[in-house]
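Please take some time with the sequence and the three-dimensional view shown below, and then follow the explanation one step after another.

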Amino acid sequence: MIRGTIDLHIHSVCSDGLDTPEEIVDVYIQEGFKYISITDHDTVSGIQRALDAACHTTLEVIPGIELSSIIDFYDVHILGYYMDFNNEEFLERIAFFKDKRRDRAEKIVKNLNLLGLDIQFDTVLRIAHGAPLGRPHIAEALLSEELVNTYNEAFVRYIGDQGPAYEPKYYVTPREAIEIIRKCGGIPVIAHPAVLNQDEIIVELVEYGLAGIEAIHPLHTPEKQLYYEEMAKKYGLLITGGSDWHGRGRSSMARLASNMGAVPQKTIHDMEVLLEGGKISDERFTG
Ligand code: AMP
Ligand code: ZN
Ligand code: FE
Ligand code: FE
């Protein structure tokens, strides 16, 4: 688990995490956290559940999402915070993402069948429990049918980016993702930029309304964290961070998260300033 009392990047069973929103809220309360955001891939279906679970507790749940987008073959993840997640136009866009993910998962299953693997689409659906379908669900299905020995083997042998059964996702551009989040009052933040490692994309996105950089992430070295913090300051952007938790055993991130920096209280304060239409100032908290 991430140090400190703030974690703004968490996945639940509503996308491809292993824990329910209620379980996540319970664990974070036990660990003494003050703010969390559940940022499921392309869905907001876990937010109300987390808000309800955290009601009358010391934990504040910030509505969040992580949208996948693509530009020039680069996978760009855009986090959104504090959007009005009941906004109808927003929900329509999200539903479209979900349909597209279903079509794609069906294609991947067909590819696996052509490779001689006896796996049913229904098995994947059962495992996903209504969540937007992702490769992790397909990996779980392959594991449950004993067609692979480990979760990771599914990616290495079949469904990884270079795997023989891989299919690309439906993508919007990062600019569209930013607009989707902005239109319903949210704060768009670029997720784990060191993984992307294309800083000129970030600079371009600032013009389209990007408001923050996730400098603090388990896949970022301390040097990269500092580098992106400086970049955020240079462009007047918000600095955010989170553990990208998907549940125990889901990735190596859990182990890495304990080594990463804590998310400062200033992040929450700056988000509130942005919501009120203000600008982030460097001097705040230093004077
Ligand atoms: P999707 O959004 O359906 O393309 O699935 C992406 C998710 O699959 C990532 O967030 C990871 O959780 C997981 N994933 C992708 N590649 C790998 C890999 N090589 N090994 C393990 N998990 C992976
Ligand atoms: Zn994920
Ligand atoms: Fe991501
Ligand atoms: Fe994530």
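Is Lys183 buried or exposed? In this predicted model, Lys183 has a relative accessible area of 64%, and because the cut-off for being exposed is over 50%, this residue counts as exposed. Lys183 also forms a salt bridge with Glu89, in which the closest N and O atoms are 2.9 Å apart. This pair links distant parts of the chain, since Lys183 belongs to helix H7 (residues 174-183) and Glu89 to helix H3 (residues 88-114), 94 residues apart. Glu89, for its part, has a relative accessibility of 46% and is therefore partly exposed.

Side chains of opposite charge can pair when their charged atoms come close. The structure holds seven salt bridges, and one of them joins the side chains of Glu22 and Arg49, with 2.9 Å from N to O. Because Glu22 lies in helix H1 (residues 21-30) while Arg49 lies in helix H2, this pair ties together parts that are 27 residues apart in sequence. Glu22 is partly exposed at 31% relative accessibility, and Arg49, with a relative accessible area of 32%, is partly exposed as well.

Another salt bridge is found between the side chains of Glu153 and Arg157, again with 2.9 Å from N to O. Here both residues lie in helix H6 (residues 151-159), where they are four residues apart, or about one turn of the helix. Glu153 counts as buried because its relative accessibility is 17%, whereas Arg157 is partly exposed, with a relative accessible area of 44%.

We can now turn to a metal site. The zinc ion (ligand 2) is coordinated by two OD atoms of Asp16 and by the NE2 atoms of His41 and His246, at 1.9 to 2.6 Å. Along the chain, the donors of this zinc ion follow the spacing D-x24-H-x204-H. His41 lies in the loop between strand E2 (35-38) and helix H2 (47-54), and His246 in the loop between strand E7 (238-241) and helix H11 (253-257), so the two histidines tie together parts that are 205 residues apart in sequence. Both are buried, His41 at 11% relative accessibility and His246 at 12%.

Notes:
Residues numbered from 1 in each chain as written. Chains lettered and ligands numbered in written order. Predicted model: local features only at pLDDT ≥ 70, side-chain atom pairs only at ≥ 80, totals over all residues. Heavy atoms only, no water. Donors = N, O, S within 2.8 Å, 3.2 Å for Na, K, Ca; no water. Buried < 20%, exposed > 50% of the residue type's maximum accessible area, 1.4 Å probe, protein only. Salt bridge = Lys/Arg side-chain N within 4 Å of Asp/Glu carboxyl O.
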